[in-house]
Amino acid sequence: MRACAPAAPPRRPTRRAAIAALLLGGSAAVAAWRWPLRGAAGAPAPMEDDVCVVAPPTPYNPASGLPPEAAREVPADARCPVCGMFPARARAWAAQVIFADGDAHFFDSPLSLMLYLRDVGHYTRGRTAEAIVARYVTDTGTGAWVPALEATYVAGSSALGPMRAGNLPAFGHPAEAARFAQARGGRLLRWDGVDAGLLRALAPARRPAHAAH
């Protein structure tokens with residue numbers, strides 16, 4: 001699954017059109033049904049290219065009384081621009097970024113946040129990493145918001161994130177991260193210690209290849 005901006009109708013036939021073509025019969029109908037599901041070389045097209053999730057930003061609310069760059073609570077309808085999940089349903093893992101114009105995007109986990117920051121324009125077209133003024137992750141121990149660049153992360157623990165896969169639980173204090181790793185396994189990492197290779201191992205279908213911001 002990938003995030004994208006609204007676009008013009010695709011040139012490939014839709015599933016509804018393909019079904020209608022099948023009802024009408026003929027070899028063209030079979031081609032119309034099969035073609036969108038095949039790659040250029042005849043291989044099945046990757047699922048993340050076939051499913052598009054548009055995650056609108058959450059604007060700043062002056063009535064909140066918070067500074068525009070302060071961490072905010074996750075709205076129930078906010079969607080992760082990386083995977084399309086609703087971060088409020090897994091609040092203990094949530095993360096967020098805030099842009100200079102006050103808009104915020106919320107993520108289902110620190111992992112999705114890190115993937116997003118490595119290719120902001122891919123996940124939210126028209127946005128740039130340079131316009132981000134704040135990044136936050138959830139402290140696994142307390143549930144409080146912690147600046148993402150100051151947190152300590154645990155890689156390789158038995159803790160499973162919202163996508164039911166390996167993840168990067170975050171902590172505001174290294175001692176808490178060490179206690180967690182002692183109980184659940186894994187190794188401690190600071191923000192700049194999380195590289196593209198680790199993100200590829202945790203999320204092989206995503207896009208972790210670009211330099212971190």
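Strands here are DSSP runs of E with at least two residues, while helices are runs of H or I with at least four, both numbered from the N terminus. This is a predicted model, where local features need pLDDT of at least 70, side-chain atom pairs count only at pLDDT 80 or more, and totals for chains, interfaces and linings use all residues. Residues are numbered from 1 along each chain as its sequence is written, and side-chain values use heavy atoms, with hydrogens and water left out.

Now widen the view. Strand 3 (residues 95-99) runs antiparallel to strand 4, and four bridges join the pair; two strands count as paired if DSSP finds at least two bridges between them. Both belong to an open, antiparallel sheet of four strands, ordered 4-3-5-6. Strand 4 (104-107) and strand 6 (145-147) sit at the edges with a single partner strand each, so one side of each has no neighbour in the sheet. From one strand to the next, the twist averages 25 degrees.

Helix 4 (residues 110-117) packs on this sheet, touching strand 3, strand 4 and strand 5 (132-138). Its direction makes about 35 degrees with that of strand 3. Angles run from 0 to 180 degrees between N-to-C directions, using lines fitted to C-alpha atoms, for helices over the stretch in contact; contact means heavy atoms within 4.5 Å.

Stepping back, the protein has seven helices and nine strands. Of its 213 residues, 42% are buried, meaning under 20% relative accessible area with a 1.4 Å probe, protein chains only.

Key
Buried < 20%, exposed > 50% of the residue type's maximum accessible area, 1.4 Å probe, protein only.
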